[in-house]
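Colleague: Can you walk me through this model? I'll ask as we go.

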Amino acid sequence: MSEELARGPKESPPVPRAGPPEGWKKGGRLLSVLLAVNVLLLACTLVSGGAFNKVAVYDTDVFALLTAMMLLAALWILFYLLRTARCPDAVPYRDAHAGPIWLRGGLVLFGICTLVMDVFKTGYYSSFFECQSAIKILHPLIQAVFVIVQTYFLWVSAKDCIHVHLDLTRCGLMFTLTTNLAIWMAAVVDESVHHAHSYTSFHSNGSYTRLAPDPERAGSLVGGDPCPCNTAICQIFQQGYFYLYPFNIEYSLFASTMLYVMWKNVGRLLASTHSHGHTPAQVSLFRETYFAGPVLGLMLFVVGLAVFIIYEVQVSGEGGCTQQALVIYYSFNIVCLGLMTLVSLSGSVIYRFDRRAMDHHKNPTRTLDVALLMGAALGQYAISYYSIVAVVVGTPRDLMGGLNLAHALLMIAQHTFQNVFIIESLHRGPPGAEIHETPTMEPCQGLTFANMDALHTLPACPPTPRLVSPSPAGPPETVAILLAPRGHWRRRCLKDISLFLLLCNVILWIIPAFGARPHFSNAVEVDFYGYSLWAAIVNICLPFGIFYRMHAVSSLLEVYVLS
């Protein structure tokens, strides 16, 4: 027994054999980033130029670029799957944090909806193929192939730490990531122009027609179009693929985040075949909760759907009920955001009593999650601060101005406190592990036990710990990691909070993603900034706010599992 104690910790398992050490890792990353930046700027130039009438860039030019990018990205993915990944010792490590099942499941769901959208777009452009360019019909078909190939690639390879063809793999991943961002930009611009057309149909003022399409452009949506969409089936296809745009947008962003993590893992060395950090946990919704969070969240979800339907019917109708719809919309959002702020604050307070260790291991997935949460929130911050200035400085101080001001302030508070709660949750240790620091008796100082049965033969040592090790700093003391009861009240409360915030973020994603634009129905900001400036602010910032909601959903699902 004493010999086993003297041996100290067990030897770590043999590390898988990787390829030769990389000469200059930063050089390979720099090359791939430069490639991505140049391709992305080219795509951004064409996509943004095609949105305005006075720029001689047509939608066929944008479709041709996107089609070529998707073809090249799909060919590289096939090369990776058929050649690179099959090389000896190509994937010596797999990152356990990368590509969790709920992220891959969401990718598959949005991918299926994107395929349905491609079917609708193919049907729409095929309705008048006599006067359309062939690239408009070819583009959705190529996108469908690209989505299928990329979804399979990310499902099977999201955890890979590749160690062969390093520079080629980095460039391929970055090019594929750039392709997804270009598709995202094209979808956002197309959707924004569509909403601008809807707005101009209710406002005949010529100053609001800056984004109105040129009748001579192929594929334009107003009268005088050489390719009119007159049949019922054509209009169904047209409306269908516009309503499916949010899923295409989220698919591109989900794929981009997973590709970035793969890019960070190229050439990465891990201590063992299992990465540090949280152990996989089974997702079991509504277990070990008090049911208050799920029930209240479902109630707000149903009410939010009803509010969204009422808003769309009254604003798009001709009954002149826009003011009433806005009051209902802002009232619901104020209540929902207020509850989410209080719940997020309560979660942060509960963590003050949580003795779980903070996980400080290097984790590219978690680093990206935190960066995306903080970065995407900036879009909604910008819209809220512009609204605050317009309400406070503007002259009409009525009910609508008060509701708009309260909504903007609560939006800022809710994003802030929810980010604090999520980020702290993602940095917590494994589920149920709590830290208890107790002074160590003299015979136990400086020992690390490899044989757990040996603990019971030392009466001076604590009788119940699972792991004993010296503290890295300060006076010698033992840190015992004890497993908390599964039904602990803190666990239950945190799970309730996570599910409540998850459901609220889902409904707050659905409302703007499927077309609700109170920013334009409410005349406060439009009158203060002018339509052109306010439309540019909303069309640039709102997509980040929409992405924030869906990314918060995936992060909160992980928080629920880890609680």
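Predicted model: local features only at pLDDT ≥ 70, side-chain atom pairs only at ≥ 80, totals over all residues.

Modeller: Start with a helix pair: helix H9 (residues 292–316) and helix H13 (residues 489–513) pack with their axes 7 Å apart, at an angle of about 10°. Axes are lines fitted to C-alpha atoms, for helices over the stretch in contact, and angles run from 0 to 180 degrees between N-to-C directions. Helices are DSSP runs of H or I with at least four residues, strands are E runs of at least two, and both are numbered from the N terminus.

Colleague: So is H9 roughly parallel or roughly antiparallel to H13?

Modeller: H9 is roughly parallel to H13, a label for angles under 35 degrees.

Colleague: What kinds of residues make up the contact of H9 with H13?

Modeller: They divide into 16 nonpolar, three polar and one charged. Ala, Val, Leu, Ile, Met, Phe, Trp, Tyr, Cys and Pro count as nonpolar, Asp, Glu, Lys and Arg as charged, and the others, Gly among them, as polar.

Colleague: Where is His165 found?

Modeller: His165 is in the loop between strand E2 (160–161) and helix H6 (166–200). His165 has a positive phi of about 50°, although it is not a glycine.

Colleague: How many helices and strands are in the protein?

Modeller: The protein has 16 helices and four strands.

Notes: Residues numbered from 1 in each chain as written. Heavy atoms only, no water. Parallel < 35°, antiparallel > 145°, perpendicular 65-115°, else oblique.
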